[in-house]
Structure formats: C-alpha cells, structure tokens
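Dear colleague,

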Amino acid sequence: MGEKSAAAQAFEKGMSAGDDLPLAVAYARFALENNDLSLAEKILSRIQRFANRSYNAFALAGDLALARGETEKAIAAYRRTIAAYPSRIDPMLALAETYRLLGKSGEAMALVDKAGKVKPSDPRIENLRIRLLAQQGDWEKIRLSLQGREGGLEPASPLGLAYGEALLRLGQAEQARVLFSRAALLDPTNPYCRAMLGEAMLATGDASGAWKTLEPLSASPLAPAALLVVAEKAARASGDPKADALRVRLDPERIRLTMDLVEKGQTALDRQNWSEAHSIYSRLLAGGDDAEVLGRLAWASAGLGRPREAIAYADRALAQDADNPAYMHSAALVRLELGVDLATAWRLLEAAADADPGNADIARDLQKAKAAAG
C-alpha cells in the first residue's frame with residue numbers, strides 16, 4: 001500500500017523472532033525494489049549464515065551484484081546458481097539478459113535454449129529469444145517465428161514491436177507502418193515505437209510525416225546515432241534546414257564522445273553514484289532543457305538528498321511535455337519517494353492514470369500515493 005516504513009517495521013519484527021527463509025527473502029526483495037542496497041546486503045549476509053546453500057542465497061547474490069552494476073560478480077553468482085540448481089530457469093534468464101546487454105548474444109541464446117528445455121511453456125523464454133534474434137539482426141527468423149500469429153500479437157508488446165521491425169528490415173514497410181501506427185497509439189510515450197514509426201514513414205515515402213515524428217526524439221542529447229541518421233534523412237527530404245545541424249551531430253568523433261558520456265551517465269545511475277550521475281547529466285543539459293536528461297537529474301538530486309532540486313528538475317521535465325503520462329509519473333514518484341508534497345503526487349498520478357489507464361506501474365503508485373497521503 002506504499003507504507004514503506006510500516007512494511008520495514010513489520011519485516012524487522014519478524015526477523016527479530018528468528019531465522020525464517022521466506023521472510024528474509026521477501027525482506028531482501030523489498031529492499032532491492034526500493035534501491036536500499038545496503039539493507040539488501042545486510043539481509044543477504046544473514047541468509048548466508050543460516051541458509052548458505054539455498055537457492056535464494058545464490059540468486060539474491062546475483063541480483064544484488066547486478067543492482068550495484070557489478071556485472072562480472074553478478075555473472076559469477078548466476079553461474080553458481082545454475083550449477084547448483086539446474087532445474088530453475090530464473091537464473092538462466094537473468095544471466096542471458098545480462099549477456100544480451102553486454103552484446104554477447106551467442107552466450108545469451110545458449111542459455112535461452114537451455115531454459116527452453118527445462119520449461120518450454122514459459123513465455124519469457126520466447127520473448128527473450130525474439131529480442132536476441134533482433135539484436136543479431138536475424139529478421140527472417142523473427143518473421144517466420146511470428147508469422148501467422150499477427151492477429152494475436154499486441155502491437156506495443158515486445159513481440160509485436162520485434163515483428164514490426166522485422167517487416168521493416170525485410171522491405172515490407174507498408175505493413176510495418178500499420179503495426180507501428182497501432183503501437184504508437186497504444187503506447188504514445190514509447191520512444192522506440194515513435195522511432196520505428198518515423199523510419200517506416202520515411203521508407204514509404206512520407207518524409208514530412210517521418211520528420212514530424214522524429215524531430216522531437218532527435219532533439220534529445222540522449223538520441224542514439226541510428227535515430228539521428230534516419231532523422232537527418234527525413235529532415236533533408238522535407239527541406240528542413242535542421243538537417244545540417246543533425247549532420248554535424250553525426251560527426252563520428254562527436255557522436256562517440258556523446259554516446260560515451262550517455263553510457264557513463266547510465267552506469268552511474270545504475271550504481272547509485274549520484275554525484276557522478278549529476279555531473280554527467282548536468283553536462284548533457286548544457287545545450288538546453290531536455291525532458292529525459294532532466295528526469296535523470298531529478299533522480300540524481302534525490303539520491304544526493306536534495307529534495308527541492310529533485311522536484312524542480314522533475315517539474316521542468318514535465319513542463320517540456322505536459323500531457324505525457326510518463327513525465328507526470330516521474331514528477332509524482334520523486335515526491336512520493338522523498339515523502340514530500342504528497343497531495344501533488346496524488347494529483348499527478350491521477351492525471352497520469354487518466355492519460356494511460358492501462359499502465360500497471362502508474363496504477364500501483366497511485367494506490368501508494370493514496371495510502372501515503374492518508
């Protein structure tokens with residue numbers, strides 16, 4: 001219900017009664033979900049004292065390391081878990097996802113195949129397999145895997161988006177445009193949906209529509225090079241002079257330095273190195289307000305214990321796109337996490353829920369805000 005302090009007190013009371021593995025695991029997961037990594041480590045250390053060889057002792061060690069950005073340590077922990085508990089697929093999928101993020105798609109696919117032999121009906125296995133095929137650029141395999149199931153695919157789901165991109169890469173731009181148009185309607189704040197829709201528009205000869213779709217995305221300093229390439233083509237085909245500025249941003253050395261900075265910023269956030277994250281995103285904001293950068297600065301400021309600054313950044317992000325439920329959600333969540341201005345958090349979450357009624361995260365946080373506000 002969002003009453004974190006009451007939940008923590010109940011957990012502590014239970015823990016004081018003695019060693020109980022399900023309770024300790026639930027408490028550790030609670031700590032991880034709330035980014036209290038020092039508390040999660042404390043609980044894990046206790047679990048390791050009374051249930052050192054348990055599945056959860058192994059798995060939590062991997063999840064905690066991953067939350068800290070200690071990738072190699074997480075990989076080693078997941079490998080130990082798989083060796084000790086070969087019938088459990090969660091550590092296989094967690095390790096596969098870690099490898100995917102590292103670009104090691106071959107190693108990831110081997111683990112997905114292994115998980116498929118243990119529990120072939122688990123939908124997470126197919127989802128990860130399709131994402132890996134997309135990472136490898138094996139679009140024909142994706143098309144063949146999902147062909148005939150188009151009617152049952154949710155356009156904005158991972159499988160639906162992968163199928164749409166497969167069609168686009170295989171030259172079926174008109175079909176891809178239809179799918180991405182539906183996806184963008186269902187999930188209007190998803191930048192990937194909009195980026196793919198813009199690319200599909202350009203491929204079908206609608207340069208002006210493509211540029212209108214891609215221009216807001218390309219303005220962000222966090223925009224990846226692949227998006228900037230398509231945006232520059234759309235702008236040039238539309239006769240917009242901003243194409244020249246995009247060409248400058250695509251200078252190989254400049255894009256390398258920018259993407260390196262973006263990667264370092266994300267790593268700092270993942271590791272909760274709030275000071276470094278704040279410094280990096282402040283540099284990225286130098287060219288002008290950008291909602292995504294402002295949102296990251298809000299979290300860094302909150303981590304540094306600067307509530308007023310955090311809220312100011314979150315509100316500036318919302319001001320960039322006042323109707324965007326994602327930014328309403330972020331501005332509310334900063335307040336909710338800091339325990340300040342809860343009435344505004346409630347109001348923003350209600351507006352976000354109205355704008356995106358199918359979003360389970362917003363619905364959950366709205367209930368937390370109601371509980372916190374009393």
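This is a predicted model: local features need pLDDT of at least 70, side-chain atom pairs count only at pLDDT 80 or more; totals for chains, interfaces and linings use all residues.

The largest cavity has a volume of about 60 Å³, and its lining is made up of Glu-150, Leu-153, Pro-155, Gly-160, Leu-161, Tyr-163, Leu-179, Phe-180 and Ala-183. Two or more of these lining residues come from each of α10 and α11 (173–186), and by class the lining has seven nonpolar, one polar and one charged residues.

The second largest cavity, at about 30 Å³, is lined by Ala-28, Leu-32, Ala-40, Leu-44, Leu-60 and Leu-64, with α2, α3 (37–50) and α4 each giving two or more residues. Its lining divides into six nonpolar residues, with no polar and no charged ones.

Turning to the open spaces, the largest pocket holds about 1,600 Å³, and among its 42 lining residues the closest to the centre are Asn-35, Gln-266, Leu-269, Asp-270 and Gln-272. Helix α20 gives the most to this lining, with seven residues, and the lining as a whole has 16 nonpolar, 14 polar and 12 charged residues.

The second largest pocket, with about 1,200 Å³ of space, is likewise lined by 42 residues, and Pro-191, Leu-217, Ser-220, Glu-292 and Tyr-327 lie nearest its centre. The elements that supply at least two residues each include α12 (191–203), α13 (207–218) and α20, while the classes come to 26 nonpolar, seven polar and nine charged residues.

With best regards

Definitions and conventions:
Residues are numbered from 1 along each chain as its sequence is written. Side-chain values use heavy atoms; hydrogens and water are left out. On a 1 Å grid over the protein atoms alone, a cavity is a set of points where a 1.4 Å probe fits but cannot get out, and a pocket is an open set with protein on both sides within 12 Å along at least five of seven lines; lining residues have an atom within 4 Å of a point. Grid points are joined across faces, edges and corners, and a volume is the space filled by probe spheres set on the points. Helices (H or I, at least four residues) and strands (E, at least two) are DSSP runs, numbered from the N terminus. Ala, Val, Leu, Ile, Met, Phe, Trp, Tyr, Cys and Pro count as nonpolar, Asp, Glu, Lys and Arg as charged, and the others, Gly among them, as polar.
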